[in-house]
Amino acid sequence: MDAMTKHETPDSAAKTDGQTAKKVFIKTYGCQMNVYDSQRMADALAADGYAATETIEEADLVLLNTCHIREKAAEKVYSELGRIRQLKKARATEGRETLVGVTGCVAQAEGSEIIRRAPVVDLVVGPQTYHRLPDVLARVRGGARVVETDYAIEDKFEHLPAPSRREVAKRGVTAFLTVQEGCDKFCTFCVVPYTRGSEISRPVSQIVAEAERLAAAGVREVTLLGQNVNAWHGEGPDGSEWGLGRLLFRLAEIPGIARLRYTTSHPRDMDDELINAHRDLETLMPYLHLPVQAGSDRILKAMNRRHSASDYIRLVERIRSARPDIALSGDFIVGFPGETDEDFEETLRLVREVGYASAFSFKYSPRPGTPGAEMGDQVPENVKDERLQRLQALLVEQQQAFTVAMVGRTMPTLLENRGGKGGKGAAPPPGPLL
Ligand code: 5AD
Ligand code: SF4
C-alpha cells in the first residue's frame, strides 16, 4: 500500500461565517504533519475571512498541500493542477475568480519551477511560511504571482492563530500536535532535510498550552508529530533541558487527555526516559512507529542511518522489556542503490526477528538532490517489484498474526465517531510520518 494516499482528505477546518465568506478548499497529500499543517493554514485563512469547503467547485481559493517524499507523490500534484486548470476556466466563464496555490514539500523543493510548469498556479508557499499566507494572498490579489519558500527566521507557530474551540470540537476527539519539525540526520535517500529544513523543537510552554486548548475543546487523544519527534528537546519551566519522555509525562497530567502517541521516531533518539515513559505511563498507547528501513549493515551504512541491524534489535528488546505488549510498526525501503539479494535477505531476517504489528514498505525512489540519487548501482525496477512483493507478503502475515493474537482480549476503546449513516468512518491509524 502506498501510505501517501491514505490521508488525502479535503480539510474542513475553517469557520463558516455566513453566505458572503470566501471559500477555501485544501487538499492534503502525504503525512500527518501535512494534515496538521492544513488545519493550521485553515485557521490562518479563517482569520482572513475564508471559510473551509469540501467542494472544490465552490472554492475561491484552492490549495494543494503537497508531498515530495517519492516521485509518485510529487507527480500527482501536476496531474491535479491540470484538472484545476479546467475548473478555473469554467468558473471564470461564470465571472468568478479562483486562486490556486501549492504549499508543502513540493512547493519548497520546486519553488518557482511550479509557476513555470503550471501557469494555473498563483502562489507557492513552503512549509515554514504558512503564517504569511494572508499577506501572500493580498499580494496575489494585487496581480503578482508569489513564491514564498524562505526558511522564515520568525517562528511560524507563534504567528499562526490558534483554532477556535468550536473548530477543534468539529475536528473530533483525536488531534495532531506538531512538537518538532525538520531533520538534521540526512539519510541519503531522503528529501526531508531539504524540504522541511533543519530540526527545530517547539518550546514546552507552547506545546502544553496547545494541548490544554485541545483537551478543553474535547480532544481525548493527542498524537505528537515530528519528522524526528524523539529528537525533540526543550527547556522546561524549571530551566532544565527536557526530552520527549519528560514532555509526555507532563502532557499526561492534563485533565481530559486520555491517550498520547508520537510519531515518527529515529532509533538513535530512543533514550531511557522515553522508554521509561512506555513502561510507566498508561496514557501512552502501547504503539511505536520505529522505522529501520533495511536489515543489512552495508545498506544501513550507505543510507547513513548511523546504526546497525543489531543495534536496532537490541533497542527493540529494551523497549519490549519495558512494555511487553507494545505494537511495533516500521518503514522499509527495498532496492536502495547497491542492495544485493543477500542484503535483501537480511531485511527479511530482521523482520522475522522483530515481528511487526504493522509496517509500510516502499520501493526506493531516487530523489533529485539527495546523495542516493547520485549513487551507482541503482537497482532495476523489476527487482524492486519482486523484493517489495516478498517483503509485503511477510509483513501482511505478521500483521494478521498480531490481529489474531488480539482475539478474545478486552481493552479500553476510544469512540472516535459514529459509524454507518452520517458517520465519517474510522480515522486511519498513525502511519509513517512522511
Ligand atoms: N524512496 C522510497 N521511500 C522513501 N522514504 C523516504 N524517502 C524515500 C525514498 N527516496 C520512506 C522511508 C521513510 C518513509 C516515510 O518514507 O521509509 O521512513
Ligand atoms: Fe530525517 Fe527520517 Fe528522512 Fe532520515 S528518513 S533524513 S531521519 S526525515
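Student: Why is Gln293 called buried?
Tutor: Gln293 has a relative accessible area of 7%, and buried means under 20% relative accessible area, whereas exposed means over 50% and partly exposed lies in between (1.4 Å probe, protein chains only), so Gln293 counts as buried. Please keep in mind that this is a predicted model, in which local features need pLDDT of at least 70, side-chain atom pairs count only at pLDDT 80 or more, and totals for chains, interfaces and linings use all residues. Residues are numbered from 1 along each chain as its sequence is written, chains are lettered from A and ligands numbered from 1 in the order in which they are written, and side-chain values use heavy atoms, with hydrogens and water left out.

Student: What makes the phi of Gln293 worth a remark?
Tutor: Most residues other than glycine have a negative phi. Gln293, which is not a glycine, has a positive phi near 75°, and it is found in the loop between β14 (287-289) and α12 (297-302); helices (H or I, at least four residues) and strands (E, at least two) are DSSP runs numbered from the N terminus. Asn304 also has a positive phi, of about 60°, and lies in the loop between α12 and α13 (309-322). Asn304 is called partly exposed because its relative accessible area is 26%.

Student: How do you know that Gln293 makes a polar contact with ligand 1?
Tutor: A polar side-chain atom of Gln293 lies 2.6 Å from an oxygen atom of ligand 1, and a polar contact is a pair of N or O atoms within 3.5 Å (within protein, one must be able to donate a hydrogen and the other to accept it, and residues adjacent in sequence count only if both atoms are side-chain atoms), so the pair qualifies. By that rule Arg70 also qualifies, with a polar side-chain atom 2.9 Å from an oxygen atom of ligand 1, as does Ser365, whose polar backbone atom is 2.8 Å from a nitrogen atom of the ligand.

Student: How much of ligand 1 does the protein bury?
Tutor: Taken alone, ligand 1 exposes 400 Å², and the protein buries 97% of that, the areas coming from the Shrake-Rupley method with a 1.4 Å probe.

Student: Why is the pair of Arg196 and Glu181 called a salt bridge?
Tutor: The closest N and O atoms of Arg196 and Glu181 are 2.8 Å apart, and a salt bridge is a side-chain nitrogen of Lys or Arg within 4 Å of a carboxyl oxygen of Asp or Glu, so the pair meets the rule. Arg196 lies in the loop between α8 (192-195) and β9 (200-201) and Glu181 in strand β8 (residues 180-181), so the bridge ties together parts that are 15 residues apart in sequence. Arg196 counts as buried at 2% relative accessibility, and Glu181 is buried too, with a relative accessible area of 0%.

Student: What makes Asp48 and Arg141 a salt bridge?
Tutor: Their side chains meet at 3.9 Å, N to O, so the pair falls within the cut-off of 4 Å. The two residues are 93 residues apart, Asp48 in the loop between α1 (32-46) and β2 (50-52) and Arg141 in helix α5 (residues 133-141). Asp48 counts as partly exposed at 26% relative accessibility, and Arg141 is partly exposed at 43%.
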